[in-house]
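Me: I've got a model open and I'd like to learn how to read its salt bridges. Can you walk me through it?

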Amino acid sequence: MPGGDIVSGRWGTNLMSLRIRLVLSIALLLLVSLATGATAAWLRAEHSVRTEMEAALSVGQHTVGSALAHLAGRSAPADRSDEEVTALLTRLVGAFNGDRHLKVSLHKPGAGLIAASTLAVPDHPAPAWFVASLDVPQLSAEVPLPGFSGQGLWLRLETDPAGEVSEVWGELGDDAVMMLLFSALALPMVYWTLGRALRSVDRLSKAFAHVAQDASVEAARPVAEAGPPELRRLAEGFNRMIERLAAAEARNRRLHEQLQTIQEEERADLARDLHDEVGPYLFAINVDVTALLAAAERAGDPVMRDQARSAREAVAHVQQEVKAILGRLRPPGLSDLGLGAALENLAAFWRARRPDVAITVAVTPGLHLGEAGDTAIYRIVQESLSNAIRHGRPRDITVTVAPRADGLTVEITDDGDGLPAEPSPHASGGGYGLRGMAERVTALGGTLEVGNRPDGGVRVHALLPLATGNTALSAREAA
């Protein structure tokens, strides 16, 4: 929908269809939702890990305190040797092996670290950047050993958020996979659904493009009135529009046909008046001037003789001009000899006046479009030859009239100077001449193209439908 886009049958900007734009908008919305959810999960994860570490440290302190109270209740620490106390505390530290969040270590002054528990290794550790992004501090606490202080021993409890962060990372990964799977399933479904919903819009865009590309509105097909109510009403409005445009186009064509018919009848009347009224008077003047010339020669009057000769030459010139005007007003031989012979006579007219220009006429024998069609072709060729010779300085002109599958073509090409970039308002080719040709072609339901050739010169190309006829009203019927 060639623009615009509607004219070329394409929707959206930069050749992007409305369907793709909607799908991309939904995809962008999903990405924004995913990013927003990830940010919220990240903020919750940091709070959750911090809370979990504080709880783990508190539980560890409580567990160690309960275990020490239990050991102290079984026997007095003073009754035990240092080795026994160290072994008991070492077993207590070992009881924390495999813990996910808490590491316990036994220390003694001078001896340093005596024993330490081992943390559970996550199955799928989180990336280092994710661990660093949470910024969860490591918590620690030193637990006093009541009754064991004589040995100088003490316990240290330290939290390690790696396990909890890995668990949060796994949950985020699962959520992201589910979101991606949902998008992968939703976007094709949205694309398919939009395709069905916009099918009516696509039909309308193609119909508008067909009407916009200088095509006949009468040939435009109505679109199916289907789809959602809004699109159905739009299709109904389009169908009513092309019906009215087709009716207006038909009326305009009939008016053009009537205008062309009236013009031809006026030209015929003018030609008849020139031939029947002016012609006899010119002939009579020529006879009288010839008689005056003979009388002057008999009388030996040189002044009267020269004046009579000048008057006879003027009358002869006027007779030639009237004959030429008659030829332009009424195509000679068009109705009697046929289109091909009439065009050949027209070419001969210009060959006699411009022998330096080669004019070739090729007309398929037997072509006949009726009086209106043949006259239109003759006038197109007549105007094109006149424009080319008067304004283009050509050396070669070719006239071709031939049928083809979708109509009849009339083409006139020359190798002259071509059309100016800004045609003069006084040039017939840029004003009434071209306008008259266009009106004739339009009246017959055809198309006209006039432009410069790539290798120089002008090309006039008219396409007329084969089924043309003189359907215009005559001037008297119109009156």
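Reply: A salt bridge here is a side-chain nitrogen of Lys or Arg within 4 Å of a carboxyl oxygen of Asp or Glu. The general idea is that side chains of opposite charge can pair when their charged atoms come close. Keep in mind that this is a predicted model.

Me: How many salt bridges does that rule give?

Reply: The count is eleven. R156 is partly exposed, at 22% relative accessibility.

Me: Which parts of the chain does the pair of D417 and R393 link?

Reply: First the contact: those two side chains form a salt bridge at 2.8 Å, N to O. The pair links distant parts of the chain, with D417 in the loop between β7 and α10 and R393 in the loop between α9 and β6, 24 residues apart. D417 is partly exposed at 46% relative accessibility, while R393 is exposed at 63%.

Me: And where do E449 and R459 lie?

Reply: E449 is in strand β8 (residues 447-452) and R459 in strand β9 (residues 458-464), so their pairing ties together parts ten residues apart in sequence. Their N to O distance is 3.8 Å, which falls under the rule's "within 4 Å". E449 is partly exposed, with 47% relative accessible area, and R459 is partly exposed too, with 31%.

Me: Which residues are joined into one network by shared partners?

Reply: E142, R156 and E158 are, through salt bridges that share partners.

Technical notes: Residues are numbered from 1 along each chain as its sequence is written. This is a predicted model: local features need pLDDT of at least 70, side-chain atom pairs count only at pLDDT 80 or more; totals for chains, interfaces and linings use all residues. Side-chain values use heavy atoms; hydrogens and water are left out. Buried means under 20% relative accessible area, exposed over 50%, partly exposed in between (1.4 Å probe, protein chains only). Helices (H or I, at least four residues) and strands (E, at least two) are DSSP runs, numbered from the N terminus.
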